[in-house]
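Hi everyone, thanks for coming. Let me put the structure up on the screen, and then we can walk through some of its side chains together.

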Amino acid sequence: MEKKSRYKKTMIILLGILLVFLIPGFSPSTCDLYADRVYPGLCDVITRVTSLIPVAIGEIIMILGIFTSITAVILSILLIFLRKNKGFFRFAVGYLKVCSVIILCTVIIYIPTWYIPFRGTVLGMGSPNLRKDFTDEELEELLYYIIDNGNAAAEEIEISDDGKVIFRSSNEIESMAADAMARLGDEYTRLKGDYPKIKVAVCSDILNRMYIGGYNYPFTMEPTRNKYINPLYLAILDAHEYAHHKGYYKENEANFLSQLALSRSDDPYLRLAAYMNMYSYVYSDYMSAHKEQYGDEEGPGFSERVKKINEAAIEEERILYESDEHIIDSLPVLDRFIKETADAGWDVQGEILQENSYDGVVLLLLQYYYGELDR
């Protein structure tokens with residue numbers, strides 16, 4: 001019998017490990033138990049190591065992965081024409097074998113750090129018998145609750161006579177967002193514990209064109225943000241990425257937890273950020289249900305004070321963006337490719353997440369506030 005090569009043996013072992021790791025994913029309750037009991041310890045250990053390095057290690061790995069993949073594609077094409085060249089053939093095949101091992105190892109690592117928590121139930125609550133159908137009146141009640149509280153938060157924010165708003169620094173926002181999320185740990189236990197510093201992406205210009213505010217690398221447990229974010233949205237973004245970091249990987253979960261945590265903050269900026277983000281989703285659903293009533297007119301909205309603060313925040317973002325040079329602006333083909341790739345990626349994510357996508361937060365808000373609103 002022919003002996004199996006070292007490569008084949010390695011691949012068989014790795015595939016076996018992969019299959020074993022995938023088993024818990026078929027049981028949402030097992031995934032919840034893992035995310036509550038095992039994942040926090042794993043996350044803390046990895047975070048302590050990666051936090052020692054100021055740059056995002058995951059971003060470096062991602063960039064290296066892109067170049068490695070491009071090289072693999074090129075070598076595969078060249079193999080068609082140069083397969084008779086023994087030296088090149090050995091090198092190319094060896095390179096592709098190494099790539100296949102790396103890919104398989106990466107998938108295996110992603111299972112305990114992302115896949116299993118993601119496969120759990122929404123918010124790790126099991127399958128409670130909660131309402132899923134709410135009336136237009138209840139949706140409207142939630143919308144006005146959000147507007148009233150957003151307006152109230154804005155009244156606590158000082159605006160000078162010349163319209164100047166002094167926003168918090170990114171470090172202050174990050175620290176307050178982490179504190180707000182940790183305090184929510186009494187209700188959602190995974191949120192307890194320490195929070196690492198959020199890293200700024202080197203490829204922020206690309207992320208900005210892809211409409212990506214931030215992400216959490218499950219591979220290295222590093223919350224990472226796009227640097228070109230206005231100071232109001234930055235608070236909700238940081239809290240959102242912290243939710244992912246703590247094992248709440250569904251987008252509706254992260255939206256809900258970040259909004260709820262910031263809405264309870266003592267800081268009016270964070271509360272305004274929370275209610276503005278809630279509003280963007282609830283308003284969209286509300287207007288979809290009242291097309292005939294409003295036609296081309298705008299529906300219920302925030303006060304003029306909120307709008308002034310928001311305009312000031314957007315201006316801060318514009319100034320920040322224009323303070324840097326953007327080489328991609330002079331490369332329209334690359335710019336178009338980045339945006340088209342982003343559009344395709346968002347479509348794929350929507351298909352995968354379905355009801356657990358970003359706008360699924362409206363149902364979670366309705367369920368959470370059901371019976372508590374009084375207008």
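The sulfur of C105 has its closest cysteine sulfur in C99, 12 Å away, which is too far for a bond. A disulfide here is a pair of cysteine sulfur atoms within 2.5 Å, and by that rule the count is zero. This is a predicted model, where local features need pLDDT of at least 70, side-chain atom pairs count only at pLDDT 80 or more, and totals for chains, interfaces and linings use all residues. Residues are numbered from 1 along each chain as its sequence is written, and side-chain values use heavy atoms, leaving out hydrogens and water.

C99 is buried at 11%, while C105 is partly exposed at 29%.

Now to the rings. Rings of Phe, Tyr and Trp (its six-membered ring) pair if their centres lie within 6.5 Å; planes under 30 degrees apart are stacked, over 60 edge-to-face, and the rest tilted. The structure holds 18 aromatic pairs. Take Y279 and Y283: their ring centres are 5.0 Å apart and their planes at 25 degrees, so this pair is stacked. Y279 is buried at 14% relative accessible area, and Y283 is buried too, at 18%.

Elsewhere, Y145, Y188, F256, Y275, Y368 and Y369 form one aromatic cluster.

Notes
Buried means under 20% relative accessible area, exposed over 50%, partly exposed in between (1.4 Å probe, protein chains only).
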